[in-house]
Amino acid sequence: MAVSSNDVFIDMQGASGASTQEEAPASNGSSADTELAAAVGRQLAGNVLHAGTESAQKLYKSYARIDLLRPYFDVEPSDVANRLLQSLRPRLTVDPHVIPADLYGPLMLCLTLVTVLLFGMKSAGHRTGSREGTLMGTAFAVSFGYWLTSALFFYGMAFVFNTTISVVELLSTTGYGLFGYCLVLMVGHVAPGDSDFYAAWLLLGLLSSAKMALALRSRTADAKQGTLVATAVVVIHWTYLLYLQWSYASIVNAVTHG
C-alpha cells in the first residue's frame, strides 16, 4: 500500500498540534505560580512597610510625651539653689504664692534623701550584709512614696477646700519641702546627742512645713478653709520627719535581721 506525501504532511501537522496543546497547560501553570509569588511578595512588603510605619509613629508619640516633660526639668542650677533657700522661708502674704513648675529639684532631693537615710543606717552601725539591696529599696520606697503620696493627698484636700493649685505645683512644693528633711536628718546622724536633732526639727522642720502650708493657704479662696489646709500640711509634713528619724530605724532592723 502506497503512502502519499500529502498523508505524511497531514500526520506531521497533527502531531505538532497535539504537542502544542500539551505544552499550553504547562505554560499557563508556570505563569500562575509566578503571579502568586509576586502577590505574596507584595503582601509581605506591605506588611513590613505597615509595621515600620506603626513603629515610627509609636516612637514619635513616645518622644513627644517625653518632650512634654522637658520644661519641668529644664532649670538652671542657680534657680534650684534659690528655691532650696526659699523652701525654708515661709511668707504670710495676701497674694497667692508663685510656685515654680519644677520637678528637677524635687527629684534630686528625693535621691538625696535616700542617700541620707542610707548614711544614717551606716553611721548608726547597722550591719546590712547581703540585704544591702533590700535596704536601698526600702529607702527608695520611703522617700519617693512620701513625695508622691503626700502630693496626691494634698491635691485631694485642695479639691475639697477649693484650693487653686495643680499637681505639678504640688509635686514641686512638696519636693522642695524635702530639703528641710535632708538637713534635719543629717544633723541627727552627725550630731552626737538627740537634743541637736530636736533643735533642728523644731527650727528647720517647722520652717519647711510652714512654707508649704502658707503656700497652699494663699491659694485657698476662703480663709478658714485655708487655715484647715495649712494645719493639715504642717501636721503631716512635720510629724513624718519624726517617723523617718525613729520608726525607719525599726524597719531597717526588721529588714536586716528578719
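Below are my entries, in the order I looked things up.

**Entry 1: the overall picture.** I remind myself that this is a predicted model. I began with the secondary structure and found eight helices and zero strands. Reading along the sequence, I wrote down the pattern α-α-α-α-α-α-α-α.

**Entry 2: cover and surface.** Next I asked what share of the 258 residues counts as buried. My note says 34%.

**Entry 3: contacts along the chain.** I looked at contacts between residues at least 6 apart in sequence. Of these, 81% join residues at least 24 apart.

**Entry 4: helix α5.** I then turned to α5, which spans residues 167-176. How many of its ten residues are buried? I found nine, and I jotted the helix down as mostly covered. The buried residues are V168, E169, L170, L171, S172, T173, T174, G175 and Y176.

**Entry 5: α6 beside α7.** Two packed helices are described by the angle between their axes and the distance between the axes, and I looked up both. Helix α6 covers residues 178-190 and helix α7 covers residues 194-218. Their axes come within 9 Å and cross at roughly 175 degrees. Angles over 145 degrees count as roughly antiparallel, so α6 and α7 are roughly antiparallel to each other.

I also wanted to know which residues meet there. From α6 I listed G180, L183, V184, V187 and G188. Facing them in α7 I listed D196, F197, A200, W201, L204, G205 and S208. Sorted by kind, the residues of this contact divide into seven nonpolar, four polar and one charged.

**Entry 6: the cysteines.** How many disulfides does the count give? It comes to zero. I checked C110, which is in no disulfide; its nearest cysteine sulfur is that of C182, 8.5 Å away.

C110 has 0% relative accessibility, so C110 counts as buried. C182 has 6%, so C182 counts as buried too.

Technical notes: Residues numbered from 1 in each chain as written. Predicted model: local features only at pLDDT ≥ 70, side-chain atom pairs only at ≥ 80, totals over all residues. Heavy atoms only, no water. Helix = DSSP H or I, 4+ residues; strand = E, 2+ residues; numbered from the N terminus. Buried < 20%, exposed > 50% of the residue type's maximum accessible area, 1.4 Å probe, protein only. Contact = heavy atoms within 4.5 Å. Axes fitted to C-alpha atoms, helices over the stretch in contact; angles between N-to-C directions. Parallel < 35°, antiparallel > 145°, perpendicular 65-115°, else oblique. Nonpolar A, V, L, I, M, F, W, Y, C, P; charged D, E, K, R; others polar. Disulfide = S-S within 2.5 Å.
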